[in-house]
Amino acid sequence: MYGQEAINPYRQGEKAQQVEEMFDNIAPNYDKLNHRLSWNIDRGWRKKAIRELAPFKPEQMLDIATGTGDFAIMAAQMLKPKRLVGADISEGMMAIGAAKVQQLGLQHIISFQKEDCLHLSYESGTFDAVTAAFGIRNFASLDKGLSEMCRVLKPGGHLSIVELTTPVSFPMKQLFKVYCHTVLPVYGRLVSKDKSAYSYLTRTIEAFPQGERMMDILQQAGFRETAFKRLTFGICTLYTATK
């Protein structure tokens, strides 16, 4: 078990149930908070992750922990796949995503499905590409979640993940720690009205395995050609791999 897997948003219930409840609670304000708290840099991180897939022209895509669909929408617009499925445990988040997709006229490409990311319902070898943005650190089992992502990929298919991480160099490491323990939880609590959510998210960032350690975990899950790039002084990391 990795550090973030032992961290829960609330005090009672299985982790998956708690995460579902938390994201349902903060769904109405999630997009606004994300963009403000990252100064809109999160959009650029998503673009970099999608550009990694562009040379492979994926036609069948799966976006894990899709949330309100920002990554799925951007991927559909940039890569033009035939089908893109956004999977998440939170129906509240996906309802907001579905409304955005409808407004943009992308419903013929993007669909949303409630899924347990540790036990995906799709057949093995279904997708050309699997993506995830800022969601895998909420898995109750990182090993199982990544193994499932590998299973549903076609042989030779590609993985692209962006995840928040802790900077490793001075002074960004120290500044990021102060920001995560003061601004983020306080502002998140005021806007989302959830006392636990953004404190929980801060703790998962700090506990999540990153860099070379994450490469080992991806390889153990069945991936090859693993690589990572630290973005914006290490606040975010882009992970890529091939099945």
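Helices (H or I, at least four residues) and strands (E, at least two) are DSSP runs, numbered from the N terminus. The structure is a predicted model, in which local features need pLDDT of at least 70, side-chain atom pairs count only at pLDDT 80 or more, and totals for chains, interfaces and linings use all residues. Residues are numbered from 1 along each chain as its sequence is written, and side-chain values use heavy atoms, with hydrogens and water left out.

Thr232 lies in the loop that joins β6 (224-231) to β7 (236-242). Its phi is near 50 degrees, a positive value in a residue other than glycine. Thr232 is partly exposed, at 29% relative accessibility; this class falls between buried (under 20% relative accessible area) and exposed (over 50%), with a 1.4 Å probe and protein chains only. A positive phi, near 60 degrees, also occurs at Phe134, again a residue other than glycine. Phe134 is found in the loop between β4 and α5 and is buried, with a relative accessible area of 8%. Most residues other than glycine have a negative phi.

In helix α5 (residues 142-152), the buried residues are Leu142, Gly145, Leu146, Glu148, Met149, Cys150 and Val152. These residues pack against β1 (60-64), β4 (127-133), β5 (153-164) and α9 (212-220), where contact means heavy atoms within 4.5 Å.

Contact is also made between helices α2 and α3. Residues Arg43, Arg46, Lys47, Ala49, Ile50 and Arg51 of α2 meet Asp70, Phe71, Met74, Ala75, Met78 and Leu79 of α3.
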